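Let's take a walk through this one together. Have the fold open beside you as you read.

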Amino acid sequence: QCASSLVAVITMMQRFHGSSSEKKVARSAILFYVMVTMMFAILSESGSRSCAMFASAFSPASRTSRVHHAAVSSQCRFFGSSSSSSITTRLSAISTSLSFDPSTDIRDRATSTIVIGRHAALKTLVDQQDAYVSHFGFRPHPEILSSMRDTLGGNSASTSHVLVPTVGPAAPRPPHRFSLVGLKNKVTRNNHPLSLHAMTDLVRSNVASKGTVHIMVCVEDEFPVAPVAAALARAFPVFTKKTKAKKKSKADDGETDEEEKEDEERLIHVTFLDSKGKVIKTSSEVNAAEAAAEGVRLACRLVDTHPEELTTTAYANECKTLFENDDTVTIEEIVGEELEEKGYGGIYNVGKGATEPPRLLILEYTPPDDVVSDDDENASAITLVGKGIVYDTGGLAIKSRVGMCGMKHDMGGSAGVLGGFMAAVKLRTPRKIRLLMCLAENAIGPKSVRNDDIITQYSGKTVEINNSDAEGRLVLSDAVAHATKHFDDCDL
């Protein structure tokens with residue numbers, strides 16, 4: 001029906017007489033109609049017939065059409081082709097490596113380059129024509145870069161890219177995709193001067209899906225590189241469970257051979273430049289960037305993991321695995337009924353209705369003696385507290401269908417502080433750090449806490465529940481009370 005209607009519209013357009021502008025508007029309307037028709041054709045039960053009608057309506061009589069249609073079944077048929085493809089489910093993770101090593105080896109193997117910075121910093125870099133080869137591994141034409149930079153005018157974040165020949169000391173390579181990403185010169189007082197949120201979005205939309213990508217960031221002199229590395233890391237999530245297509249081809253003997261092409265690993269190499277356009281090679285800066293990026297990617301992976309897999313038990317095991325070979329970190333757990341016995345009424349009551357027990361996870365980092373100075377010994381310890389509700393249904397005060405979707409993210413606070421804690425441990429910070437993670441699932445079950453229940457928190461205060469969906473303050477208050485009672489060296 002969609003295809004038939006489309007044919008009628010095309011016939012009407014052929015008879016349409018009007019101005020050129022009116023014809024442009026009409027053509028745009030038809031293009032939109034084509035897109036909608038394709039969607040209906042693919043999703044409908046009679047998709048094969050609709051696609052065939054659609055192809056015959058648009059294809060000239062002298063040209064043979066082959067319609068590629070994904071039917072609503074486990075197989076995809078390709079009309080006019082002898083091969084078939086089936087969809088198989090395969091658990092996988094995006095294979096993306098993130099490197100901050102300032103060496104030139106990866107730079108010379110890059111298939112694309114992205115240069116990020118504010119307009120003034122980009123102008124300084126573009127004007128340094130003698131440094132093109134050392135920066136990029138090849139020598140792009142200066143006028144091309146100048147023209148690209150000129151198109152980034154104004155106070156808005158924008159991108160310009162071009163394919164350039166790679167002439168330089170490296171081995172011959174195909175044409176190189178070169179991108180200039182201009183950041184805002186002026187930002188509000190609530191934003192980072194380098195517009196880190198915009199940087200994440202711009203990198204995500206401009207980076208190649210495979211191969212080796214060289215990202216150069218003009219951080220200038222006054223900005224540390226770790227927050228910039230964290231912004232870049234957000235553009236490359238780790239966790240995914242998307243299905244993959246497995247291609248099947250029929251052999252002459254009737255048997256089926258299966259071949260599946262593995263994803264090519266994507267390597268992201270990041271270089272930081274100062275205000276003079278020189279590469280920042282300080283080991284402390286590079287190590288901080290690596291630690292911050294690793295912490296962010298850890299938090300992103302945990303937040304993206306679905307609750308069937310990331311239970312409270314699995315989450316605790318994840319933390320133990322992270323630090324099992326690090327003698328500076330100790331881990332203590334208070335689990336299930338032990339929480340009630342010791343008076344942690346907030347965490348226990350929120351999570352007691354779930355199949356996996358709630359728990360309070362206490363991680364403590366003690367810095368090695370060789371990194372602690374006299375001033376550090378007198379400094380108070382740092383305590384981090386994170387909310388780790390692995391899934392929040394709202395409890396008996398249940399959320400709506402729309403409001404419940406995405407509630408796997410309710411443990412994002414604990415994932416964020418865990419990533420920061422891991423980065424601090426890797427950098428061997430000279431301060432003692434403790435991390436308290438309140439892990440629970442706010443589920444519905446026979447033991448779920450009810451509205452009108454009165455529970456006793458670890459602080460000794462009683463709380464009347466009038467909304468079981470306000471569970472965050474209950475679990476966090478138990479952890480804060482624990483830190484207040486047991487950590488004398490923490491300045492609260």
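A quick word on confidence: pLDDT is the predictor's own confidence in each residue, on a scale from 0 to 100. For this protein pLDDT averages 80, and 75% of the residues score at least 70.

Some ground rules. Residues are numbered from 1 along each chain as its sequence is written, and side-chain values use heavy atoms, leaving out hydrogens and water. This is a predicted model, so local features need pLDDT of at least 70 and side-chain atom pairs count only at pLDDT 80 or more, while totals for chains, interfaces and linings use all residues.

Now to the sheet. Helices (H or I, at least four residues) and strands (E, at least two) are DSSP runs, numbered from the N terminus, and two strands pair if DSSP finds at least two bridges between them. Here 4 strands make an open sheet with mixed pairing, in the order β14-β15-β17-β16. β14 (329-335) and β16 (382-392) are the edge strands; each has a single partner strand, so one side of each is left without a neighbour in the sheet. On average, neighbouring strands are turned by 15° against each other, direction ignored. β14 runs antiparallel to β15 (residues 359-365), and 7 bridges join the two. I331, for instance, has L363 in β15 as its bridge partner.

Which helices pack on this sheet? One is α16 (residues 412-426), which touches β14, β15, β16 and β17 (433-442) and makes about 140° with the direction of β16. Another is α17 (residues 472-486), touching β15, β16 and β17, at about 155° to β16. These angles run from 0 to 180 degrees between N-to-C directions, with axes fitted to C-alpha atoms, for helices over the stretch in contact.

Next, a few single residues. Buried means under 20% relative accessible area, exposed over 50%, and partly exposed in between (1.4 Å probe, protein chains only). S112 sits in strand β6 (residues 112-118) and is buried at 4%. Beyond its neighbours within four places in sequence, S112 contacts H176, R177, A208, T212, V213 and H214.

Most residues other than glycine have a negative phi. S195, not a glycine, has a positive phi of about 50°. S195 is in the loop between β8 (176-183) and α8 (196-206), buried at 2%. D452 also has a positive phi, about 90°; D452 lies in the loop between β17 and β18 (454-456) and is exposed at 59%.

Terms used
Contact = heavy atoms within 4.5 Å.
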